[in-house]
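This briefing covers one protein chain, going from overall figures to single residues. Please keep the sequence and the model open while reading.

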Amino acid sequence: MSSNKQLTDVLMPQLAESLVSATIGKWLKKPGDRVEQYEPICEVITDKVNAEIPSTLDGIMGELLAEEGQEISVGAVICRIETESADSAPATAAGGHSQTAAGTPAASTASASADQSQRSRYSPAVQTMAAEHNIDLRNVPGTGLGGRITRKDVLNYLENGGAGSSAPVAQAPTQQVQSVSAQQPQAQQPAVPTSNPGGISADLSRAAFEPVRHSGLHLTETPRIPTIEVEGGDRSEYFIDVTPIRNTIATRMRQSVSEIPHGWMMIEVDVTNLVQLRNKIKDEFKKKEGVNLTYLAFLLKAVVSAIKDYPIMNSVWAVDKIIVKRDINISLAVGTEDSVLTPVIKKADQKNIAGLAREIDELATKVRAGKLKLDDMQGGTFTVNNTGSFGSILTQPIINYPQAAILTFESIVKKPVVINDMIAVRSMANLCLSLDHRILDGVICGRFMQRVKDNMESYSLDTQVY
């Protein structure tokens, strides 16, 4: 029997040129599970981003040689997959099919109906097939782990012409609504009437009473409550497991504050004209582009224009030299419910305001869906954070190592301002800059911040976003 099987080693791939190791975050397959080619078998964590390792062949998951949380060098064996030898493939395949027909589908269906936590996560292979055949993946029933859609699910959907999937589809939205409803933050509950018979009425009431968030990148949808894994403790305390990604964040933050002498500067900006401009064109822009036109897009345009005038802001400390980057790649600090990620807008100086708005929306969507790729996180030269979307008015950020500076855009607040010895109500916002004092000093940063201020205040109703 064993002669009909062969074990194939699965190696830790080199996800990026400079990557030498990665940490196993979570195994998506257990020993004995059937694995399809291109189906993700595990999640790995690097110092930049989470990524999924797909299987390169069909088979049965064998021994797991790496544990969750373990750092593995590139090229090392992480697991083995049991495949069928060529000479016995037909007979064995038939037996495997019989076994699958007898038990696995029922188990998979039961598992999928019970757990839909991975329903919205699609592998690259699934996304490619869906794009090729113009398939709405929301209509495809998933039989994978946590309701995840596999390549076989897509193929079955195509073979059935979409027919016969109405029952699972009708069930999936109900489960998703229940899941979202269960994840509403406690702080939002007072806005919902207490007497709402029936789940649909409650959801409609929630939609009617909650204001639409449109002021920034992070709060475009109701934030989820962080998942807390309790390890133990007693009545007076409990322990939260430090995840690999949280450990990576801690390491990077400690490296930044211990190696970089941080300086800090703040400037106040009058954005009244910008507010009027955005209010004038945001609805038309939404209809035309399908994405929100946020204040962040205007800020990024102002920042990259200022960096062109003061390129030293776009640099890195290298002990015996300062490396000034020619490309202006803006990192966006995006907070999720349990981490902070910094996806990058490449060559941001070559994009107009509309292009920046599209990039912001695309990266924010990827972050929320957990679909960031390693390439999305690499090459950043200057970081911008929209802390104002939380209502913050003053922030002292930690520099995104090894960059030279990070700038935060605070909340827009109406204030009385003296203009020509008269008091006027204006929309004001603070810009806060943390700087690497080995590279940058107060004079150059003051001039840079003044240029950003001038750029922000120069927006008018005649400003073109294309």
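Which residues does Ile53 touch, not counting residues up to four places away in sequence? They are Met12, Pro13, Glu39, Pro40, Ile41, Cys42, Val44 and Ile78. The model is a predicted one. The chain has 466 residues, with 11 helices and 21 strands.

**Whole chain**

- Of the 466 residues, 41% are buried.
- Among contacts with a separation of 6 or more, 64% are between residues 24 or more positions apart.
- The chain has an accessible surface of about 24,800 Å², and carbon and sulfur atoms account for 53% of that surface.

**Ile53 in strand β5**

- Ile53 lies in β5, the strand of residues 50–54.
- Ile53 counts as buried because its relative accessibility is 3%, and the cut-off for buried is under 20%.
- Ile53 and Leu15 are 38 residues apart along the chain, and their C-alpha atoms are separated by 9.4 Å.

**Helix α10**

- Helix α10 covers residues 353–369, 17 residues in total.
- Asn352 is placed at the start of α10, where one of its side-chain oxygens comes to within 3.3 Å of the backbone nitrogen of Ala354.
- The buried residues of α10 are Ile353, Ala354, Gly355, Leu356, Ala357, Ile360, Leu363, Ala364 and Val367.
- An α-helix has 3.6 residues a turn, so residues three or four places apart point the same way.
- Just after α10, Gly370 has a positive phi of about 70 degrees.

**Thr383 in strand β18**

- Thr383 belongs to β18, which runs over residues 382–385.
- With a relative accessible area of 1%, Thr383 is buried.
- The side chain of Thr383 makes a polar contact of 3.1 Å with the side chain of Asn400.
- A polar contact of 2.7 Å links the side chain of Thr383 to that of Gln403.
- Leaving out residues up to four places away in sequence, Thr383 touches Ser331, Ala333, Asn400, Gln403, Ala405, Ile406 and Leu407.

**Ser256 in helix α7**

- Ser256 sits in α7, the helix of residues 244–259.
- Is Ser256 buried or exposed? Ser256 counts as buried because its relative accessibility is 0%.
- The residues that Ser256 touches are His262, Ile398, Ile399 and Tyr401, with residues up to four places away in sequence not counted.

**Met266 and the surface patch**

- Trp264, Met266, Ile393 and Leu394 make up a nonpolar patch on the surface.
- Together these four residues have about 380 Å² of accessible area.
- Met266 is part of strand β11, residues 262–270.
- Met266 is classed as partly exposed because its relative accessible area is 37%, which falls between the cut-offs of under 20% for buried and over 50% for exposed.

Note on methods
Residues numbered from 1 in each chain as written. Predicted model: local features only at pLDDT ≥ 70, side-chain atom pairs only at ≥ 80, totals over all residues. Heavy atoms only, no water. Helix = DSSP H or I, 4+ residues; strand = E, 2+ residues; numbered from the N terminus. Buried < 20%, exposed > 50% of the residue type's maximum accessible area, 1.4 Å probe, protein only. Contact = heavy atoms within 4.5 Å. Areas by Shrake-Rupley, 256 points an atom, 1.4 Å probe, with all protein chains shown as cover. Expected span 1.5 Å × (residues − 1). Polar contact = N/O pair within 3.5 Å; in protein donor to acceptor, adjacent residues only side chain to side chain. Patch = residues over 30% accessible without salt bridge, like charges linked within 9 Å, V, L, I, M, F, W, Y side chains within 5 Å. Salt bridge = Lys/Arg side-chain N within 4 Å of Asp/Glu carboxyl O.
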